[in-house]
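User: I've got this model open on my screen and I'd like to know where the labels come from. Can you take me through them?

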Amino acid sequence: MGRDGERLPIEEIEPLRFVWCELTSLCNLACRHCYADSGPYGNHGTMTVLDWCCVLEEAAALGALDVQFIGGEPTLHPGLPALVRHALGLGLQVEVFSNLVKVREPLWETFQLPGVRLATSYYSPDPSEHDMVTGRHSHDQTLANIREAVQRNIPLRVGVIQVEDRQRARGAVDELKALGVAKVDFDVRRAVGRSARGMAPDVGQLCGHCADGSLAVSPNGEVWPCVFSRWLIIGNARECSLAELHVRAQPARTELASAFADRISRRCSPDDGGCTPAPCEPIITCSPQKGSSIAGAAQ
């Protein structure tokens, strides 16, 4: 807002740099810490492929450099390949955040397009511990497809999240590095979504960069500052333009920036890695990398 309360014109607001497109709440897993509370009971929402194309076009026009397709499980959305190509055609860098449980050959071809990166989550070298977190027998499939992505030279980022005390998450980090995964992030479970377990939304669970020129769009078109701040609904992408929503987000960003300034003593560099809902610590990365680098969120 301006000093007298009027809405700032878009040219006076930090450019939009990064957009999460949460294509679906449908997922073939039921992870106990899922921030989106997605699972087999989810759906693709009311956003059509045309709606998503409009979001991508508006994001590019606003100066966005990166987009992440996320879910739920984005590979379950039939429009994913076309949306990836549309984003690339607009000059956007693309990251697809998938659980990598099931990847068909046409999707591998999509993931190998120049400008596309993959991200996934992995929890333990012990299959039973990994599957305890995901709620399904998924360890072997995810690990096999991590190997496949490395073999195909697809840029890959893996987030390891400590969900249970007895989980060998640090062993997962070592295993991934031994497999040749160049980018491995580590975090602990945050009280967001399914992990909140009835707790009220808390800005303390956010990473500290929700105010930094990003927007997230849900399967039903709801827009938030980021995928973790889901209680801060700015508007709906099916009802107004992304430019208008970018302007509307400014008061929420200002409030978040103030809260983060009080809470975080060290701001992580944007070059550190993917976004995780955590205070900054030496091993935890907390900002979407923008431009030609990685942009993402740890699920």
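**Reading the labels**

Analyst: Let's begin with a helix pair: α1 and α2 are roughly parallel to each other.

User: Why are α1 and α2 called roughly parallel?

Analyst: Their axes pack at an angle of about 20 degrees. Angles under 35 degrees count as roughly parallel, over 145 as roughly antiparallel, 65 to 115 as roughly perpendicular and the rest as oblique, so α1 and α2 get the parallel label. Axes here are lines fitted to C-alpha atoms over the stretch in contact, and angles run from 0 to 180 degrees between N-to-C directions. α1 covers residues 49–61 and α2 residues 80–89, with the axes 10 Å apart.

User: Before we go on, what sort of model is this?

Analyst: It's a predicted model: local features need pLDDT of at least 70 and side-chain atom pairs pLDDT 80 or more, while totals for chains, interfaces and linings use all residues. Numbering starts from 1 along each chain as its sequence is written, and side-chain values use heavy atoms, leaving out hydrogens and water.

User: Which residues of α1 and α2 meet?

Analyst: V49, W52, C53, L56 and E57 from α1 meet L83, H86 and A87 from α2, where contact means heavy atoms within 4.5 Å. By class, that's six nonpolar, one polar and one charged. For those classes, Ala, Val, Leu, Ile, Met, Phe, Trp, Tyr, Cys and Pro count as nonpolar, Asp, Glu, Lys and Arg as charged, and the others, Gly among them, as polar.

User: What about α4 and α5: what angle do their axes cross at?

Analyst: Roughly 105 degrees, with the axes of α4 (residues 127–134) and α5 (residues 139–151) coming within 9 Å. That makes α4 roughly perpendicular to α5. P127, H130 and D131 of α4 make the contact with H139, D140 and T142 of α5. The classes there are one nonpolar, three polar and two charged.

User: How do you know whether A182 is buried or exposed?

Analyst: Buried means under 20% relative accessible area, exposed over 50%, and partly exposed in between, with a 1.4 Å probe and protein chains only. A182 has 81%, so it is exposed. You'll find A182 in the loop between α6 (169–179) and β6 (183–188). Its C-alpha atom is 8.3 Å from that of P155, 27 residues apart along the chain.

User: What makes D37 and N153 worth a look?

Analyst: Their phi values. Most residues other than glycine have a negative phi. D37 has phi near 55 degrees, and N153 near 60 degrees. D37 is in the loop between β1 (18–22) and α1; its relative accessible area is 41%, so D37 is partly exposed. N153 is in the loop between α5 and β5 (156–162), and at 67% N153 is exposed.

User: Where is there a cis peptide bond?

Analyst: Between G71 and G72, with omega about 20 degrees. Most peptide bonds are trans. G72 is in the loop between β2 (66–70) and α2.

User: And the protein overall: how many helices and strands?

Analyst: Eight helices and nine strands. Those are DSSP runs numbered from the N terminus, with helices (H or I) of at least four residues and strands (E) of at least two. Of the 299 residues, 58% are buried. Among contacts between residues at least 6 apart in sequence, 69% join residues at least 24 apart.
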